[in-house]
Amino acid sequence: MHFKTIAATCALAAILTYSSLAVPGRVSAVCSNLGTPVYCPVLAYGFPLPFLADSQAISPVGSVARDPLSILIGEDDILWARLGLTSLFWLLVAAIGRLAWRRWRA
């Protein structure tokens, strides 16, 4: 019983994390690296922290592919630390929502 509850909460958190790619934002990324790295703002998506950023090397500038296949093949840059924090945020939201739902029903 507990395993199904934990699995459902994690699945909901994953869905919410992926759905947060609808929210645009900006992050600083390395634009050129000739001797000293030069940082510039690039388009990124995710909420509360943007975690999928426009790659300066592969994808067309100013666009972020948010479909699952493009994410898997690495067309844009995944900012792993930000993805981890965003996933943790949505996991907490899902867990608190589940607890609130159980208390409301009781």
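## Overall fold

The chain holds three helices and four strands. Helices here are DSSP runs of H or I with at least four residues, strands are runs of E with at least two, and both are numbered from the N terminus. From the N terminus on, the order of elements is α-β-β-β-α-β-α.

This is a predicted model, in which local features need pLDDT of at least 70, side-chain atom pairs count only at pLDDT 80 or more, and totals for chains, interfaces and linings use all residues. Residues are numbered from 1 along each chain as its sequence is written, and side-chain values use heavy atoms, with hydrogens and water left out.

## Dimensions and surface

The chain has a radius of gyration of 17 Å, whereas a compact globule of 106 residues would have one near 13 Å. That radius is taken over C-alpha atoms, and the globule rule is 2.2 Å times the number of residues to the power 0.38. Along its principal axes, the C-alpha trace spans about 60 × 25 × 20 Å.

Of the 106 residues, 26% count as buried. Buried means under 20% relative accessible area, exposed means over 50%, and partly exposed lies in between (1.4 Å probe, protein chains only). The accessible surface of the chain comes to about 7,300 Å², and 70% of it belongs to carbon and sulfur atoms. These areas come from the Shrake-Rupley method with a 1.4 Å probe; for residues, only the protein chains shown count as cover.

Among contacts in the chain with a separation of 6 or more, 46% come from residues 24 or more positions apart. Contact means heavy atoms within 4.5 Å.

## Charges

The chain carries 8 positive and 5 negative charges, and their mean positions are 26 Å apart. Lys and Arg count as positive, Asp and Glu as negative; His and the chain ends are not counted. Each charge is placed at NZ of Lys, CZ of Arg, CG of Asp or CD of Glu.

## The sheet

The four strands form an open sheet in the order E1-E2-E3-E4, with antiparallel pairing. The edge strands are E1 (24-34) and E4 (77-78), each pairing on one side only. Two strands pair if DSSP finds at least two bridges between them.

E1 and E2 pair over ten bridges. Gly-25 has Ala-44 in E2 as its bridge partner. E2 (residues 36-45) pairs with E3 (residues 52-53) over two bridges. Here Ala-44 stands opposite Ala-53 in E3.

## Turns and a cis bond

The hairpin of E1 and E2 has one residue between the strands, and Gly-35 takes a positive phi near 85°. The hairpin of E2 and E3 has six residues between them, and Gly-46 in this turn has a positive phi of about 135°.

The loop between E2 and E3 also holds Pro-48. A cis peptide bond joins Phe-47 and Pro-48, with omega about 5°. Most residues other than glycine have a negative phi, and most peptide bonds are trans.

## Two serines

Ser-70 lies in helix H2 (residues 68-73). Ser-70 counts as buried because its relative accessibility is 10%. Leaving aside neighbours within four places in sequence, Ser-70 contacts Ala-65 and Glu-75.

Ser-63 sits in the loop between E3 and H2. Its relative accessible area is 28%, so Ser-63 is partly exposed. Beyond neighbours within four places in sequence, Ser-63 is in contact with Leu-43, Asp-54 and Asp-76. Val-93 is 30 residues from Ser-63 along the chain, and their C-alpha atoms are separated by 29 Å.
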